[in-house]
Amino acid sequence: MEKLTISDCNQYLEEGFLTKSFLETELVIDRVLRDYNNKIKENPNHTKIDSLINWIHHCLNVKPPQEEKDKVKFQRTAKEIWESGFASGCTDWSIVFSTLARQVGIPTTFLHTAEFNWIKNLQNKVKQPIHIGHSFCECFYDGKWILVDPTFRKIEFEYDINKLTLSYQVSNSKIYIPYYRGLDLGKKQTIREHNNEMDKECFNLIL
């Protein structure tokens, strides 16, 4: 994928189909800045992104059964996710985060990735029981693009845009390959539709 530049900033302040703002912008800014201004006094490394992620996790704290999560996976707007009180998975966390981050004035991408070995097996036509991927965001913050994982509350300040080598593990792996970047998914999908698109996009990726 092409490297993000400063010229991409305005594009990633816009709303997408699933990432339309649903709270008053003044409320979002006030909530994030109040927390940030308090935390920065004790921890100089604390960022507005940390404050935003922590607020989102505080609000999306309902823990429904897995069957309920699976029913809505890839099928909700940021507003619908927020009002339900729970995220069905990493895609939901990234959709809500990107929506609110843009309201705070932080250019933010929605980034879909697939696990490195899963892609290799797909390309070698090895049968696999599940699809292994993860959703991240990229934020233009303090003059550069950084990688943000709203699900696990992680920020990578240095990363390779073509091959994400994480400092932590997701699904027992540290290496993820981006295959889709946008404002969000652009539409609601069933799990099958999502997986079919993931197969198509990843089959021809150059690792």
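This is a predicted model: local features need pLDDT of at least 70, side-chain atom pairs count only at pLDDT 80 or more; totals for chains, interfaces and linings use all residues.
Helix 5, which covers residues 90-103 and so counts 14 residues by the run that defines it, reaches 20 Å from its first C-alpha to its last, close to the 20 Å expected at 1.5 Å a residue.

**Helix 5 and the residue after it**

- Helix 5 is mostly covered, with 14 of its 14 residues counted as buried.
- Just after helix 5 comes Gly105, whose phi is positive at about 95 degrees.

- Strand 3 spans residues 144-149, and because five of its six residues are buried, the strand is largely enclosed by the rest of the structure.

**Strand 2 with strand 3**

- Strand 2, made up of residues 133-141, runs antiparallel to strand 3, and five bridges join these two strands.
- Within this pairing, Phe140 is the residue that stands opposite Trp145 of strand 3.
- The hairpin formed by strand 2 and strand 3 has two residues between the strands, and in this hairpin Asp142 takes a positive phi near 55 degrees.

**Strand 3 with strand 4**

- Strand 4, which covers residues 154-156, pairs with strand 3 in the antiparallel sense, and three bridges connect them.
- Leu147 has its bridge partner in strand 4, namely Glu156.
- Four residues lie between the strands in the hairpin of strand 3 and strand 4, where Arg153 takes a positive phi near 55 degrees.

Conventions. Residues are numbered from 1 along each chain as its sequence is written. Side-chain values use heavy atoms; hydrogens and water are left out. The expected span of a helix is 1.5 Å times one less than its number of residues. Buried means under 20% relative accessible area, exposed over 50%, partly exposed in between (1.4 Å probe, protein chains only). Two strands pair if DSSP finds at least two bridges between them.
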